[in-house]
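Please have a look at the picture first, and then we can go through it step by step.

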Amino acid sequence: MRKNVVDAKPFEFDYDPNKTALVIIDMQRDFCAPGGFGEALGNDITPTKSIIPTVQKVLEEARKHHMTIIHTREGHKPDLSDLEPAKLRRSDSIGKKGPMGRILVRGEYGHDIVDELQPMKGEIVIDKPGKGAFYKTRLQSILKKKGIESLIVCGVTTHVCVHTTIREANDRGYECLMLEDGTAAFDPRDQEAAIRMVNQQGGIFGWTTSANAFLKSLK
Ligand code: TIU
């Protein structure tokens, strides 16, 4: 029985917290701090940084309710052997030295998750070479083993890694609720469009709601 109900778009989202994971996408310094990958791509990181307190509140409540918590990080091995030339061609800052270490490289300070959202012991961290969290990772087998049916999705950036992950999850049969103010894009136009693209057409990729509406449903 799904006992928790959230006021969401395009209609109420119901879930069983025991079969639901909170998925926090790529809240890394590389996207939320100066000198990282986000800035190297020509963006202002103000919007991605600004959602940290909201995501922190959601994370703390999810911990209190013993939900499955999954953190993801986009990045590559130090030898860049998992970096497709086609990706490097259009993101040529990857692997270069920045103020937080080599950009988007595992083990570097900039690649890690921001202090406020650091994973706790027992929480799952998925390192991914692509935009989607399912591609070349163990995410699907972890979700299957834990009997997860629904995902609450936060993180950055909404139109890139959050969207790719939600689309991958939707095709695999997971129901996704994206938190509108728990996600951010560098440009508000992308944020607005990305939200609409999830909940349009009867919820073509899933549902969207506010962090507060989700928190209310946990109580
Ligand atoms: N460029 C951009 O908006 N995002 C990414 O490259 N990665 C994630 O979204 N994490």
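Helices here are DSSP runs of at least four residues, numbered from the N terminus. Keep in mind that this is a predicted model.

With that in hand, find helix H8, which covers residues 188-203 and includes Gln201. The phi angle of Gln201 is near 50 degrees, a positive value in a residue other than glycine. Is Gln201 buried or exposed? Its relative accessible area is 60%, so Gln201 is exposed, since exposed means over 50%. His66 also has a positive phi, near 55 degrees, but His66 sits in the loop between helix H4 and strand E4. With 72% relative accessibility, His66 counts as exposed.

Now turn to the ligand. The space it takes is the largest pocket. Seven nonpolar, two polar and three charged residues form the shell around the ligand. Helix H7 (residues 158-171) gives the largest share of that shell, three residues.

For Lys131, an oxygen atom of the ligand is 3.0 Å from an N or O atom of the side chain. Alone, the ligand would expose 290 Å², and the protein buries 93% of that.

Finally, look at Val156 and Thr157, both among the residues around the ligand. A cis peptide bond joins Val156 and Thr157, with omega about -20 degrees. Thr157 lies in the loop between strand E8 and H7.

Terms used: Residues are numbered from 1 along each chain as its sequence is written. This is a predicted model: local features need pLDDT of at least 70, side-chain atom pairs count only at pLDDT 80 or more; totals for chains, interfaces and linings use all residues. Side-chain values use heavy atoms; hydrogens and water are left out. A residue is near a molecule or strand if one of its heavy atoms lies within 4 Å of it. A polar contact is a pair of N or O atoms within 3.5 Å; within protein, one must be able to donate a hydrogen and the other to accept it, and residues adjacent in sequence count only if both atoms are side-chain atoms. Accessible areas come from the Shrake-Rupley method with a 1.4 Å probe; for residues, only the protein chains shown count as cover. On a 1 Å grid over the protein atoms alone, a cavity is a set of points where a 1.4 Å probe fits but cannot get out, and a pocket is an open set with protein on both sides within 12 Å along at least five of seven lines; lining residues have an atom within 4 Å of a point. A molecule sits in a cavity or pocket if more than half of its atoms lie within 2 Å of its grid points. Helices (H or I, at least four residues) and strands (E, at least two) are DSSP runs, numbered from the N terminus. Ala, Val, Leu, Ile, Met, Phe, Trp, Tyr, Cys and Pro count as nonpolar, Asp, Glu, Lys and Arg as charged, and the others, Gly among them, as polar. Buried means under 20% relative accessible area, exposed over 50%, partly exposed in between (1.4 Å probe, protein chains only).
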